[in-house]
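Please examine the model shown below.

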Amino acid sequence: MGFRWGSCGKNSVLHFNWRLLQLPVFLVDYVVAHELVHLHERNHTPTFWQILGRVLPDWKERKDALSHRSAEMLWCTDSDEANTRIEE
């Protein structure tokens, strides 16, 4: 998984980062909905965001909240850096 919250892999298999367990439910809902939309639209096209908007009209606020929350989280890695940031 690296530092992604989720991904849509081959054969439409969805993968989720275990660190989602540290987040509030409304942010987990955003990540899950985001990946479910990828089952229909593989890339972040305008159509992708339109579909996501039908499911989560406040997706932009949730996406921003996720970015802010992830910037505040500490991530343990094998490297010498104690504080590694997560990407969307």
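Asp58 counts as partly exposed, because its relative accessibility of 31% falls between the limits of 20% for buried and 50% for exposed residues. In this predicted model, Asp58 forms a salt bridge with Arg62, and the closest N and O atoms of the two residues are 2.9 Å apart. Arg62, by contrast, is buried, since its relative accessible area is 13% and the limit for that class is under 20%. The structure holds one salt bridge.

Aromatic side chains provide the next topic. The structure holds two aromatic pairs. In one of them, the ring centres of Phe48 and Trp49 are 4.8 Å apart; the pair counts as edge-to-face because the planes stand at 85°, where an angle over 60 degrees is required. Phe48 and Trp49 are both buried. Trp49 also forms an aromatic pair with Trp59, and here the arrangement is stacked, with 4.3 Å from centre to centre and 20° between the planes. This pair links distant parts of the chain: Trp49 belongs to helix 2 (residues 46-55), whereas Trp59 belongs to helix 3 (residues 59-72), the two residues being ten residues apart. Trp59 is buried, as is Trp49. Through these ring pairs, Phe48, Trp49 and Trp59 are linked into a cluster.

Phe48 leads on to His38, for Phe48 is among the residues in contact with His38 once neighbours within four places in sequence are left aside; the others are Cys8, Asn43 and His44. His38 is located in helix 1 (residues 25-38). It counts as buried because its relative accessibility is 8%, against a limit of under 20%. The side chain of His38 is also joined to that of His34 by a polar contact of 3.3 Å.

The last topic is backbone geometry. Most residues other than glycine have a negative phi. Asn11, although not a glycine, has a positive phi of about 60°, and Ser12, likewise not a glycine, also has a positive phi of about 60°. Asn11 is found in the loop between strand 1 (6-8) and strand 2 (14-16), and Ser12 lies in the loop between strand 1 and strand 2 as well. How do their accessibilities place them, as buried, partly exposed or exposed? Asn11 counts as exposed because its relative accessibility is 76%, and the class begins over 50%. Ser12, with a relative accessible area of 43%, is partly exposed.

Technical notes. Residues numbered from 1 in each chain as written. Predicted model: local features only at pLDDT ≥ 70, side-chain atom pairs only at ≥ 80, totals over all residues. Heavy atoms only, no water. Salt bridge = Lys/Arg side-chain N within 4 Å of Asp/Glu carboxyl O. Buried < 20%, exposed > 50% of the residue type's maximum accessible area, 1.4 Å probe, protein only. Phe/Tyr/Trp six-rings, centres within 6.5 Å; stacked < 30°, edge-to-face > 60°. Helix = DSSP H or I, 4+ residues; strand = E, 2+ residues; numbered from the N terminus. Polar contact = N/O pair within 3.5 Å; in protein donor to acceptor, adjacent residues only side chain to side chain. Contact = heavy atoms within 4.5 Å.
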